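Work through the exercises below with the sequence and the coordinates at hand. Each task is followed by a solution in steps.

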Amino acid sequence: MPSVSLPTHTIVDDFVAPVCDDFLQILYQDTDILLINKPSGLLSLSGKNPLNWDSVHYRLVHGQARMTPAFPEAKLPHRLDFGTSGIMVVALNALAAKHLNKQFQARTIQKRYRAMLEGWVADDQGQITAAIAKDKAHFPRVKICAATGKGATSEYRVLARLAQPQRSLVEFNPLTGRTHQLRIHSQSIGHPILGCDLYGSATSEQRADRLQLHASDLYFVHPTSGEPVHGQCPCPF
């Protein structure tokens with residue numbers, strides 16, 4: 001019986017990040033960690049494409065002229081998508097990174113986000129449960145797929161319903177950490193995040209000049225003191 005070749009999809013990542021003129025800000029600093037505010041439009045890690053050298057990690061390690069010093073041992077146990085702004089925890093040494101990595105792996109770290117969604121979300125609060133899988137035919141997108149996806153759950157609470165155009169400011173509490181989880185979960189309930197270039201409607205991307213998703217709160221245990229930490233970063237929209 002002749003062998004059958006399965007169709008393959010070549011993943012081509014030719015994305016080149018636009019220049020990000022906004023600085024990352026240090027919200028808190030001690031000998032073991034930083035809490036920073038990442039601007040929208042900045043990669044967390046430098047990309048494989050040499051044109052994508054600028055990133056949170058690069059700026060931390062090398063410093064930002066006249067703004068922040070260099071932290072040559074900085075490590076990122078926590079990352080945010082390119083378009084997402086907001087709070088990130090940075091480890092300043094290997095022991096702190098190891099401790100924080102364990103917390104992320106154990107899912108004991110709580111993350112909260114603010115997002116502006118298209119339209120008026122009907123329920124004041126709720127939970128989105130939809131499994132997420134890689135979409136190899138449409139990289140870098142993911143897809144909702146009950147058969148092949150991994151379980152994903154996002155809790156939400158509507159903070160405000162705004163008009164002209166109709167939109168909803170929502171607080172998200174993701175109980176899992178899948179790639180693009182909040183973006184595709186929002187689309188799956190018919191209310192995509194404004195400014196999202198991957199998961200939208202005919203009009204949602206054009207209604208904002210950036211992805212309107214912001215990491216507002218982070219709850220974790222300090223890797224040295226063992227004390228609970230609640231980091232906050234005000235939402236810019």
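This is a predicted model: local features need pLDDT of at least 70, side-chain atom pairs count only at pLDDT 80 or more; totals for chains, interfaces and linings use all residues.

**Exercise 1.** Classify the ring pair of F15 and F82, and state which parts of the chain the pair ties together.

Solution. 
- The ring centres of F15 and F82 are 5.2 Å apart, and the cut-off for a pair is 6.5 Å.
- The planes stand at 75 degrees, so the pair is edge-to-face, as angles over 60 degrees are classed that way.
- F15 belongs to the segment before β1 (25–29), and F82 to the loop between α1 (56–62) and β3 (85–91), so the pair ties together parts 67 residues apart in sequence.
- F15 has a relative accessible area of 36% and is partly exposed; F82, at 26%, is partly exposed.

**Exercise 2.** Classify the pair of W53 and Y58, and decide whether each residue is buried, partly exposed or exposed.

Solution. 
- From centre to centre the distance is 4.9 Å, and the planes make an angle of 70 degrees; the pair is edge-to-face.
- W53 has a relative accessible area of 47%, hence partly exposed.
- Y58 is at 32%, and is partly exposed.
- The count of aromatic pairs in the model is two.

**Exercise 3.** Describe the surroundings of S55.

Solution. 
- S55 sits in the loop between β2 (33–38) and α1.
- Its relative accessible area is 0%, so S55 is buried.
- A polar atom of the S55 side chain lies 3.0 Å from the backbone nitrogen of Y58.
- Beyond neighbours within four places in sequence, S55 is in contact with L42, L43, S44, L45 and S46.

**Exercise 4.** Find the residues of the largest nonpolar core that touch the most other members, and the element that supplies its largest share.

Solution. 
- The core has 49 residues; V56, L60, V89, V90, F172 and F220 touch the most other members.
- β3 gives the largest share, five residues.
- For F220, setting aside neighbours within four places in sequence, the contacts include I33, L35, V89, L100 and I109. Q103 and E227 are also among them.

Methods. Residues are numbered from 1 along each chain as its sequence is written. Side-chain values use heavy atoms; hydrogens and water are left out. Rings of Phe, Tyr and Trp (its six-membered ring) pair if their centres lie within 6.5 Å; planes under 30 degrees apart count as stacked, over 60 as edge-to-face and the rest as tilted. Helices (H or I, at least four residues) and strands (E, at least two) are DSSP runs, numbered from the N terminus. Buried means under 20% relative accessible area, exposed over 50%, partly exposed in between (1.4 Å probe, protein chains only). A nonpolar core is a set of buried Ala, Val, Leu, Ile, Met, Phe, Trp, Tyr and Cys residues joined through side-chain atoms within 4.5 Å. Contact means heavy atoms within 4.5 Å. A polar contact is a pair of N or O atoms within 3.5 Å; within protein, one must be able to donate a hydrogen and the other to accept it, and residues adjacent in sequence count only if both atoms are side-chain atoms.
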